[in-house]
Structure formats: structure tokens, C-alpha cells
2 protein chains.
Amino acid sequence: MNITAIVAEYNPFHNGHLYQINKIKRDLKSDYIIAIMSGNFSQRGTPCIVDKFIRTKMALSQGVDLVIELPITFATASAETFARGAITTLYHTRIIDNLCFGCEEDNLLVLSGIASVLSKEPPEYKALLKSYLKMGLSYPTARHKALNNFGEFPQEVLSSPNNILAIEYIKALYQLGSNITPFPIKREVSNFHDTHVHSSIASATALRIAMLNGEKSDMKLAMPSTSLKLLEAVETFPDIEKLFYLLHYQLLITKKHELYNIWDVPEKLVNSLYNNFSNSTSYTQLVDMLTSKTYTRSTVYRSLLRILLGITAPPTVTYIRVLGCRQKSIRLLSLLSSKADLPVLTSKPYSSTDIFATNLYQLLRSSPNLYNQDYTQSLILI
Amino acid sequence: MNITAIVAEYNPFHNGHLYQINKIKRDLKSDYIIAIMSGNFSQRGTPCIVDKFIRTKMALSQGVDLVIELPITFATASAETFARGAITTLYHTRIIDNLCFGCEEDNLLVLSGIASVLSKEPPEYKALLKSYLKMGLSYPTARHKALNNFGEFPQEVLSSPNNILAIEYIKALYQLGSNITPFPIKREVSNFHDTHVHSSIASATALRIAMLNGEKSDMKLAMPSTSLKLLEAVETFPDIEKLFYLLHYQLLITKKHELYNIWDVPEKLVNSLYNNFSNSTSYTQLVDMLTSKTYTRSTVYRSLLRILLGITAPPTVTYIRVLGCRQKSIRLLSLLSSKADLPVLTSKPYSSTDIFATNLYQLLRSSPNLYNQDYTQSLILI
């Protein structure tokens, strides 16, 4: 039995994702593919274009055999925590052989070389990093120079979000002592940051923009038809600007010192939020105002989301929630249930924060009839 | 020295209000008129058409000498609590001679006769009321029949909101042992519930509707020009529908049992809210769904506002907050400050709930630049 895992957002599912699935089947001869997927909010801290149940259907219809939900607190965290949550969950399934991911750098020796140093952070590395930073080098440059003392690593490796995630996946595997084999796939065509659909392989960002602009031919070019149909059947999309009012209200009902207790939100960012929120007229503008050299847009989006969700503790992996399974692959669910060393849930998640996040998402869509969808939506079988 | 008080919402200030001021000056020969006015939310539990600072300007420009703010928790409560808050505050100024109010019934013997019974609720009255209710009579009919044992009171007296408020004012005066003299003015022309402007005296309801429909000639007909100019200078009006999202969010972050602690919200209404909110698509629709024979629309609006403001305790009168004063009448402010037996504030209110309500109002107007207006707005002098 050969089982491969994918960490994904499928926001939305496109031809690049299908290419990865086909490559796994061809090159790894995998019997099953399991995806661990973000729920209703992306790692960027923004609502996904369609909810997790629809995105599960997209994945299952294109060859993923089983979809596990990555809990919200991991799914909307930094690359390190995001990767730790995903890999730890996959590790506890006790059935995964390979981990497949797309990145610009597909040389496993380079990726694992860096991950190995970062997973241990030997004193020599730390000292070098510190001294380079003292010399006034930027963090990425200092880190690269410090790392290069342990191997020959091209400078551009650490400059793409996909490579950074890949390194974090491998780092987490090292730290868990897992024997899951990393399997990088080189992303050939479309860049993560591309905002236009150039060919049949496009970035999810470009596809979301195409959808909002009603550019159907672009979407048709770069998405599997089933996936596109599921997207087109959706009546309302989340309006991130509603978060503006909710955040204001949250700031009105919460005392400032309570915000210092929100997990992984720097105190300086809380102060900046307090100084700026009353001068902003939209959520996007507020995020712009808070974005700085110190805090990236994603850090700001994620921090505001954590404030909205009232997350006060770092996340831990305590269960495996299955969102859906291909009917043909139902034996995989049975295998997972018998092998996993954590509870396998096919119903609502344990975490009240995840249930809250699902409801918050539907509020942004103005779909109050989908309140408590985590309770009402049964396991998706396709 | 003769000082007359008015309890008002001025939502907005119109010719009927001016008529009352002129009548006080002519008939009572008052030296000064003090108005105690609701803040940014009306007794109906809805946002006022313009904020309290603009409404203070309207009142001062038309002959009111000094405006006191009725704290939010009183201002958005039932007639009994609303009246108790207003009269208690006026009582503690220790400078008021008369209380003038408009109502359909201007026979003081009738009003004070009823108020006297209701302020004491003698055992005989209570027993009669109970027995009439047991007989299956409606509450208003049973109350009227029980009251008639103590005097000859026409049945229609208790059927108008203005008469009910008038009785509550007198009842509060009785209970405080105050020697402020009630001075009812008969409302001749426009009915409280009228939704159209028929003449130069129109209801505030009719004027708000005229304003939202852009019927300028109607507004010109029934409002003093200064008052109209102040209204027309306002750029954004509150959108009550924003409360829909805030309420949903509040329900997502609050546990049901905590809502049982909200002051003066019946447990049944909380349950009904929980059962209905996820099926509603607008605030107004939700209010409709919760309105019943037991709970009037105003009760529902006020209850939801209390939930949004997180009010857990009944209000008490602890200070007198002056919103504005006519420059010519600045000696009145000095007199008030020396005579009152409660602190007189010309700055932000003591109550954090009042500050919250002011901010909530500006959020509904999308005026984040008016955040913390209670701190930044200085005493209005006209």
C-alpha cells in the first residue's frame, strides 16, 4: 500500500492541483491520495473563495481520495505553525508514505539540508545569524549567510513562499522523527504571485481575480470543469469588508489589555491597531495602514482574524477531522480509523474555534441559513 | 427664578417642540428651559436620525437653555425606567420648578390620579388587577378596571405612549417626593404614530420618513429652519442593518447562558433569538420574527440593543451630564453646578456604556473618524 499526502488550500482547485495529483499517481504509483486542506480561511488570513465543503467536493472529484481539515488556528498561522499543524496531523494518521508538495526548488538535498539546520538550530548557526544581523544585514540575507556555513544553498531558495513552506514541512518531519518521504514537484509555469491567467496552469490568486472579474474563459482554461461548475453554482461569496464592522465592534467590547492575550499578535501591532482603527474607512485600508516592514500584509490579516476569533492559546493537534472521502476509497477511511493514534472525526470538529470560524465565514457570505454548518453538513461522499 | 424642564428625544427637533418651548415661555413665564434628552439611541431601541451633539444644537438654537443627556440605559428602556431616569436626574439638579410634557390627556387630575395609584400600588389595586387578569381580561383592560376603583379614569388615557410616559413622569415625581410641578400640554394636531406630514405640526416619525424619502418641502413645512439646516448638513445617517452583523457576531462569541444575564431581556426572548437568528436575513426581519403579542417591536429592539451593548445591570442615576448650553444662559450652568446634589459633568460621561453607545452609533454611520466623540466633542455653546 502506498499513500501520498498533499497539504493544500484548493482556493480554488485548478489544473495545477490536478497536475500534482496525476504526477503522484504516475510517478509514485500511489494507491491513495490524502489531502489536508485549510478550512474556510486561507493562510493569508482571508476568507476562502468558497467554503471548505465545496472545496472538498472539488478535490474529491479530481482524484483526491480523502480530505482532512487543517484546524483554523494552524491554517491561518505563519508558515512554521501552518506546516507543523499539517505535518503533525498527517504523522498521527500513521498511514502516510509520501508527502508531495510544489515548490520552485525541487532539489531535495537543498531543501532538506536547510530544514535540517533550521529544525535543530545548532548554537553555531544561531551565533552566526546573530552576528550577521548585528552587522546590519536584512533577516533573509543574514539567515542565508548563516545557513551557508552548513551547505551550499542558492540564495533564491528562501525567497518564495512555496519553498519556505516546503522547508517547514521537512523541518516538521525531522522534528517528529517521521519517516514520511518528501516528494517535491517543481512548479514550472505559474508563479504564486501571478495575477493573470496566462495558460492552462495558473495561480489560485489569478483564478480568484478572474472569477471576481467574471472572466469565464480564463477560468475555463485553468480549472477542471467539475471544479468550475462547483464554483459557478455558488450564489454568494464572502465579503471581507464585513470584518471591518465586526472588528470595530470587537474593539468596542474588548479592553485593550485583553487583546495582548491574543495568541501570536505582537503587542506593537495591537497598539498600532488601536491608534489606527478609528481613522480607517475599510478593512483593506486598515490592513494597509498596519502593514509595515516589520509586519507583512499576511501577518496583519492573520492577526486581525485571530482577534476576531478570540484565539488566546497556540494550537495543538488533538484530532483528525475528515471532511470527505471518495466512495470508491471508503476502505481508506476504515484504514485511517484503525491506524491513527488520534481520534478520527467524521462529524463536527472538537474545536469551538473551528465551529466559530465556519459560522463567521457564512456571516461574511450573508448566509445565515448555513449557521452551524459544521453540525448540519454530513461527511461528503463523492 | 422659574425653571422648566422638558424630557425629549428631538429626533429630530420640529415645530411641535418649538410650540412647547414657546408655550412654556408664555404661560409659565419661565426664565430658563432645561431639556433632558436621549443620547444616540431612541426609546424605541433604534439609532436616532442624527447624533446627540447635533440634536443638542437643534434644541439650543430654538430656545432650550441647557441640554442634559439621559444615559443610554435609561433612554432605551421601558416607559417606566425611561421616566424614572429622566425625573430622578431632574430631581437631583435641585433647580427645576416645572416639568412640561405633551400628551393627549391634559387633565392633571386624571393623570396624577392614575400615577398616584400606580406609584403606591395599594394591595386592593393589586388584588383587583390579579382577579381581572384571572377572568381573562387583557392587561390594559384589567388595569383600567382596577384603577377605576380609585377614581373616574377614561379608558383611552392609557392607550397612547405619550399619556403612559406622562403618568410615569408623575409617578416618579410622587416616588421621589419631588415638588416639581407637572405641566401637561395637550397635543392637538399630529398623532405620535402619524407617518405623513400633514401640516406645520408633524410627528417626528413622519419627519424621519420625509427625510429618508427626500421630501424637503414637508420637512421645511414642519421644522424650524435652523433645525433643518443642521439636519441637511449631515453627510451619513446610521444604517440599522449593520446591527444585524454585529448581533450575529455577538451571538457567535457569547455563550447563551451569558445572555440570560443581560438586564431586562426576558429569558424567553433570548431563547427565541437563538432559535430564529440563523433563519433571518436582515435586522428588521429578525425583529419582526421576535415580535409577538408578548413582546412589542420596541421591546425587541431595546432587548437586542441591550445585548449588543452588553448591559447586565439596571441603571442608576449617578451624575448629570451637560451636552450643551446657550451662551446667553451660561449662568444657568453655574446655578446647576452649585445646586445639584450629584456631580455635574461637562465632559465625557462616567458610564463606559454611554461611551460605547456613542461609538456604536458612529459605526452604524460609517464614521470611524468620530470614534470616541464623547471625549473629543467639547461642551456645545450656542
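**View 1. B:Glu121 in a loop between two helices of chain B.** In this predicted model, B:Glu121 lies in the loop between helix H5 (108-120) and helix H6 (123-134) of chain B, where helices are DSSP runs (H or I) of at least four residues and strands are DSSP runs (E) of at least two, numbered from the N terminus. The phi angle of B:Glu121 is near 45°, a positive value in a residue other than glycine. With a relative accessible area of 36%, B:Glu121 is partly exposed (buried means under 20%, exposed over 50%, and partly exposed in between, with a 1.4 Å probe and protein chains only).

Residues are numbered from 1 along each chain as its sequence is written, and chains are lettered from A in the order in which they are written. Local features need pLDDT of at least 70, and side-chain atom pairs count only at pLDDT 80 or more, whereas totals for chains, interfaces and linings use all residues; side-chain values use heavy atoms, without hydrogens and water.

**View 2. B:Lys29 in the loop between H1 and strand S2 (32-38) of chain B.** B:Lys29 is not a glycine, although its phi is positive, at about 50°. B:Lys29 counts as exposed, at 61% relative accessibility.

**View 3. The cis peptide bond between B:Asn11 and B:Pro12.** Omega of this bond is about 0°, and B:Pro12 is found in the loop between strand S1 (3-8) and helix H1 (15-27) of chain B. In chain A, a cis peptide bond joins A:Asn11 and A:Pro12.

**View 4. Surroundings of B:Leu273.** Leaving aside residues up to four places away in sequence, B:Leu273 touches (heavy atoms within 4.5 Å) several residues, including B:Leu247, B:Leu251 and B:Ile307.
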